[in-house]
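Here is a short report on one protein model. Take a look at the sequence and the fold, then read on.

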Amino acid sequence: MKEKLTEFIQSQFKDSLLPQRDINTNLLYFSIQKESLTTVVQTLKDHPEFAFTFLNDLTSIDWLGKREPRFEVVYLLRSPKNNHFRFQLRVPVGEGESVPSIAGIFPAANWPEREVFDLMGISFSNHPRMERLIMPDNFVGHPLRKDYPLEGPGQDYLIEDLLTIHVEEDIAG
């Protein structure tokens, strides 16, 4: 399976592949350009032999000071048809750039993409509802970034703002 998939991706998406790095992992992975993400994912999902129909995980890495571009979005795809064979797609993304959403291909990507946006500040274009998921709406910054202050920017404003928001809602409602 590993050889077949590698051969398929290298032949079908050779213009989308980025150079591989030495990563200490036993998982097969491919780094691809973000512009090709939805095409690659949709093709691998619809392929009758590979059938990567399960999005196992979607997360991100902040390589602050170690690599450029700074971020990497990592997708773990699984093929139940092939004894749950799995591999990673890695998409490098720079500060302020967005990645195409795959929520239209895998609806289960909806919340993980919002989580990545909320905690790392990486946005996903064409996402049906790109807004915070975990942190309050008035939270400043993205707390999982490596340059986020350890003590935060001060959290008192959150409570003060939330009280104001809810008092105003109660008065209006």
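Predicted model: local features only at pLDDT ≥ 70, side-chain atom pairs only at ≥ 80, totals over all residues.

## Strand S4 and its partners

Strand S4 covers residues 85-93. It is mostly covered, with 7 of its 9 residues buried. On one side, S4 pairs with strand S1 (residues 28-31) in the parallel sense, over 4 bridges. Ser31 has Arg90 of S4 as its bridge partner.

S3 and S4 run antiparallel and are joined by 9 bridges. Leu77 stands opposite Phe87 of S4. Val73 has Val91 of S4 as its bridge partner. The two strands S3 and S4 form a hairpin, with 5 residues between them. In the turn, Asn83 has a positive phi of about 55°.

## Helices against the sheet

## A buried arginine

Now look at Arg78, in strand S3 (residues 71-79). Which side chain of opposite charge is nearest to Arg78? It is Asp57, 9.4 Å away. Arg78 is buried yet has no salt bridge.

Arg78 does have a polar partner. Its side chain joins that of Asn56 in a polar contact of 2.6 Å. Leaving aside neighbours within four places in sequence, the residues in contact with Arg78 include Phe52, Phe54, Asn56, His84 and Phe85.

## Salt bridges across the chain

Side chains of opposite charge can pair when their charged atoms come close. How many salt bridges does a search of the whole structure find? The search finds 11.

One of them joins the side chains of Lys4 and Glu49, at 2.9 Å from N to O. Lys4 lies in helix H1, and Glu49 in the loop between helix H2 (37-46) and S2. The pair therefore ties together parts that are 45 residues apart in sequence. Glu49 counts as partly exposed, at 34% relative accessibility.

Glu95 forms a salt bridge with Arg70, and their closest N and O atoms are 3.0 Å apart. Glu95 sits in the loop between S4 and strand S5 (98-100), and Arg70 in the loop between S2 and S3, so the pair ties together parts 25 residues apart in sequence. Arg70 is buried, at 7%.

Asp118 and Arg132 meet through their side chains in another salt bridge, at 2.3 Å from N to O. Asp118 is in helix H3, while Arg132 is in the loop between strand S6 (123-125) and helix H4 (156-172). This pair links distant parts of the chain, 14 residues apart. Both Asp118 and Arg132 are buried. Elsewhere, salt bridges that share partners join Asp62, Arg70, Glu95, Arg145 and Asp147 into one network.

Terms used: Residues numbered from 1 in each chain as written. Heavy atoms only, no water. Buried < 20%, exposed > 50% of the residue type's maximum accessible area, 1.4 Å probe, protein only. Lys, Arg positive; Asp, Glu negative; His and termini not counted. Salt bridge = Lys/Arg side-chain N within 4 Å of Asp/Glu carboxyl O. Polar contact = N/O pair within 3.5 Å; in protein donor to acceptor, adjacent residues only side chain to side chain. Contact = heavy atoms within 4.5 Å. Pairing = 2+ DSSP bridges.
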